[in-house]
Amino acid sequence: NGNVEAKGVCEDDDSRHWILWTDPHPKPTYLFALVAGDLDSFKDTHITATGREVALAVYADHGNYARCAHAMRSLKRALMWEETRWG
């Protein structure tokens, strides 16, 4: 939910990393969750109705990567529905 502003490796432990996300659209805090772990990521892009390319990523436990394709298709369909419904 949002855009990656910065990312890097933790200074005190190079096996850990951090990412700073910003969301240009304010939302109620109950819509957010935090997940931490060693996860696989399935990445793709979506072209908005205005022609802007948006980076997408779905994260899953190792071994469940194959299931991410369905999640990505669902996400892209939801984005297209939202653009059609709300503009």
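**Entry 1: the salt bridge**

I began with charged pairs and found the side chains of Lys76 and Asp44 meeting in a salt bridge, 2.9 Å from N to O. The two partners come from distant parts of the chain: Lys76 sits in helix 1 and Asp44 in strand 3, 32 residues apart. A note to keep beside this: I am working from a predicted model. My count of salt bridges came to one. In general, side chains of opposite charge can pair when their charged atoms come close.

I then looked up how open the two partners are. Lys76 is partly exposed, with a relative accessible area of 22%. Asp44 is also partly exposed, and its relative accessible area is 31%.

**Entry 2: helix 1**

Since Lys76 is in helix 1, I checked the length of that helix. Helix 1 covers residues 68-86, which makes 19 residues. At 1.5 Å a residue they should span 27 Å, and I find the end C-alpha atoms 26 Å apart, so the two values agree. What comes after the helix? Gly87 follows helix 1, and its phi is positive, near 85°.

**Entry 3: His46**

Next I went back to strand 3, which runs over residues 39-47 and contains His46. Is His46 buried or exposed? Its relative accessibility is 7%, so I count His46 as buried, the cut-off being under 20%. I listed the contacts of His46, leaving aside neighbours within four places in sequence. They are Arg52, Glu53, Val54, Leu56, Lys76, Leu79, Met80 and Glu83. I was pleased to meet Lys76 again here, as a contact of His46 and as the salt-bridge partner of Asp44.

**Entry 4: the nonpolar core**

Which residues make up the largest nonpolar core? I find six: Phe42, Leu56, Val58, Ala60, Cys68 and Met72. Strand 4 (53-61) and helix 1 are the elements that give two or more residues to this core. Strand 4 gives the most, with three residues.

**Entry 5: cysteines**

Cys68 is a core member, and at 3% relative accessibility I count it as buried. Cys10 counts as buried too, at 16% relative accessibility. A disulfide is a covalent bond between the sulfur atoms of two cysteines. How many disulfides are there in the whole structure? My search found zero.

How values were computed
Residues numbered from 1 in each chain as written. Predicted model: local features only at pLDDT ≥ 70, side-chain atom pairs only at ≥ 80, totals over all residues. Heavy atoms only, no water. Helix = DSSP H or I, 4+ residues; strand = E, 2+ residues; numbered from the N terminus. Expected span 1.5 Å × (residues − 1). Buried < 20%, exposed > 50% of the residue type's maximum accessible area, 1.4 Å probe, protein only. Contact = heavy atoms within 4.5 Å. Disulfide = S-S within 2.5 Å. Core = buried A, V, L, I, M, F, W, Y, C linked by side-chain atoms within 4.5 Å. Salt bridge = Lys/Arg side-chain N within 4 Å of Asp/Glu carboxyl O.
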